Amino acid sequence: MPHSRFAPLPFTIRRKVFFGFGSLLVLFAVVAVISWRSTVIFIRSAERVAHAHEVLEVEEQAKRHLMEMESARRGFLLSGDERWLPIFENAEAQLRKNFDALTSSTSESPEQTRRLDLLRELLQRSVALQTVEIETRRQNGAEAALEIFTKHASEDLTETIKRLLDDFEIEHRKTLTERAQVTRSVAQETLLALVAGTVLTFAALLMGASMILRDIAARRRAEESLAAEHNLLSSIMDTMPNHVFLKDAKGRFILNNAAHRQYLGLAEHESIEGRTVFDYFPEALAEKIVDDDRCVIESGEPILNREQFIQRKDRADWLETSKVPLRDTDGRIIGIVGITSDISQRKADEEQLVRFAAQLERSNAELQNFASVASHDLQEPLRKIQAFGDRLKAKCSAQLGEQGLDYLARMHNAAERMQVLIQDLLKLSRITSRAQPFEPCDLQKILAEVLTDLEVAIENQSAKIEVGEMPAIDADPLQMRQLFQNLISNALKFHKPGECPLVQIGSRIFDAEDNSIAGAKLGERVCEITVRDDGIGFEQRFADQIFVVFQRLHSRAEYEGTGIGLAVCRKITDRHGGQIVAYSSPGQGATFVVTLPVKQPSEIHEPKRSDADYDPDGR
């Protein structure tokens, strides 16, 4: 296949996609780490801000409770009303809780802790002083309490506590402002990191998409060029009548042409890519094909013009196959290229030619031996001998006497035997020289007609004929009639003395398992006809001799006949591309097996009739 005009890209699209996604993952990881760090800082800062607000809220509660204590103290000192005391005690308790909460909340700040310690000390002094004033008011009356009140000792402590709380609040608000600033900074950094990561990711995506689209465009141009070259190659291959196919090193089809697709029974545009011979051929044949492919790939040596008989489920063909290694630009073998031609017709023509030549040779040889004898020139003098013998007997029998009449009878009998012999020889020669074209024949019907013709002989011998089902085959009907008549007559003739003969005739159809039947290829259907009798039989060593012309196993005194009948049967089966064999043993009867093709090839022409075939009686 021609090389592409486009140089290979330094990086494949897959590598670029992997690189781009890797870069994006790194960017996402960096942005995620920054976002996580900023979020953690932000959360911590937010928690500290919230904590600072809680501290300020507690500080405000402490001021409020401090004022409630001061108000309750003054109210009791001025009025002496005991209802002010629970308010005072509750405010004191709440104030102590506030101080405890502030202490636990500001433990991280030494300065604030110092202030709280001072506040706690001042609070204790203030509570003690106010308690003394309350007790003085309760025991000594309003004037004693007023005297203590005018000294403003408690008010001074309260103001000192308030100032310290104000300093605490200012310091804490300063810390709150700093933490709020940190929170804003973290938020800005997080936003900046997200924006930067998004921009970088989007830029990386654009760059990666641009590179991939550019590579895809280049690849598309290369694929379009390759597709055009592939279509050109396919068009050239499809114009070839031979089967052309390409396989990779693993035996998978890559490409084939229209002739090969048609041979495999595929649709015109059905793809074969990726399939193997196991998808189209029987397993045993597919394994042999794979072995041939492996041999070519491993050795680098081609297979040229190998003729193979390919048997498939639905057809059988003769193919002539050549396979050569398929190499890449570096010379490495990456598959095979195969070219196969269907030579079935050529093989059939060769086989038919061989058959015709053999038939013609046998016919010519026999005609050369018999034609000069079995001609009308020999029969004409013989008929005159018979005619004048009859006249002599009719007109001069009284003058001839007994001895003369005996001589005349012997002469007449010899002439009759000679005439029968000549007629049998003519029948033998006419099997090929005057044969009729093959046509569909109903063997059941032909056999019934033969049995009708032999009805007298069958009745005279009290014979029993058992007939099975007979098929229809392509044959010469007259020769099939002659074949059955000769075999049945032979079975009736050689029966055991004093016994009624039994003749069994059967048939079967089967597929040819080898090439022993000349007219049937491997796998074609053939018909086997069996004629079995219970007669005298013969020794198996004479099984071939009985089919030779004039060969007799018994004398004429024992059994009449010319010794040509079975030779005629063999010649008929030979002409039909079949065979006839005999099986027997003395006293056990004989079995004649005739095997013929069910279908016959069309004959090219009929044999010409020679002068030797001329019969003045029209026979």
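Me: In which helix is V58 found, and is V58 buried or exposed?
Reply: In this predicted model, V58 is found in helix α1, which covers residues 13–79. The relative accessible area of V58 is 17%, and a residue counts as buried when this value is under 20%. V58 of helix α1 is therefore buried.

Me: Which residues is V58 in contact with, leaving aside its neighbours within four places in sequence?
Reply: One example to begin with is A101, which is 43 residues apart from V58 in sequence, although the two C-alpha atoms are 7.4 Å apart in space. Leaving aside the neighbours within four places in sequence, the residues in contact with V58 are N98, A101 and L102.

Me: At what angle do helix α12 and helix α13 pack?
Reply: Two packed helices are described by the angle between their axes and the distance between the axes. Helix α12 spans residues 477–493 and helix α13 spans residues 565–575, and their axes are 9 Å apart. The contact is made by residues that include M480, L483 and L487 of α12 and L566, V568 and I572 of α13, and the residues of this contact divide into 7 nonpolar, 6 polar and 1 charged. The two helices pack at an angle of about 145°.

Me: How many of the 11 residues of α13 are buried?
Reply: The buried residues of α13 include L566, V568 and I572, and also K571 and R575. After α13 comes G577, whose phi is positive, near 75°. The helix is mostly covered, and the number of its residues that are buried is 8.

Me: What is the bridge partner of V581 in β12?
Reply: The strands β11 and β12 run antiparallel and are joined by 6 bridges. They form a hairpin with 5 residues between them, and G587 in the turn has a positive phi of about 80°. Within β12, the bridge partner of V581 is V593.

Me: Which strands stand at the edges of the open sheet of 5 strands?
Reply: The strands of this open sheet follow the order β2-β1-β5-β4-β3, and the pairing is antiparallel. A strand at the edge has a single partner strand, so one side of it is left without a neighbour in the sheet. The strands at the edges are β2 and β3.

Me: Which helix packs on the sheet, touching β1, β3, β4 and β5?
Reply: Among the strands touched, β1 and β5 pair in the antiparallel sense over 6 bridges, and H243 stands opposite T340 in β5. The direction of the helix makes about 170° with that of β3. The helix, which covers residues 283–299, is α7.

Definitions and conventions:
Residues numbered from 1 in each chain as written. Predicted model: local features only at pLDDT ≥ 70, side-chain atom pairs only at ≥ 80, totals over all residues. Heavy atoms only, no water. Axes fitted to C-alpha atoms, helices over the stretch in contact; angles between N-to-C directions. Helix = DSSP H or I, 4+ residues; strand = E, 2+ residues; numbered from the N terminus. Contact = heavy atoms within 4.5 Å. Nonpolar A, V, L, I, M, F, W, Y, C, P; charged D, E, K, R; others polar. Buried < 20%, exposed > 50% of the residue type's maximum accessible area, 1.4 Å probe, protein only. Pairing = 2+ DSSP bridges.
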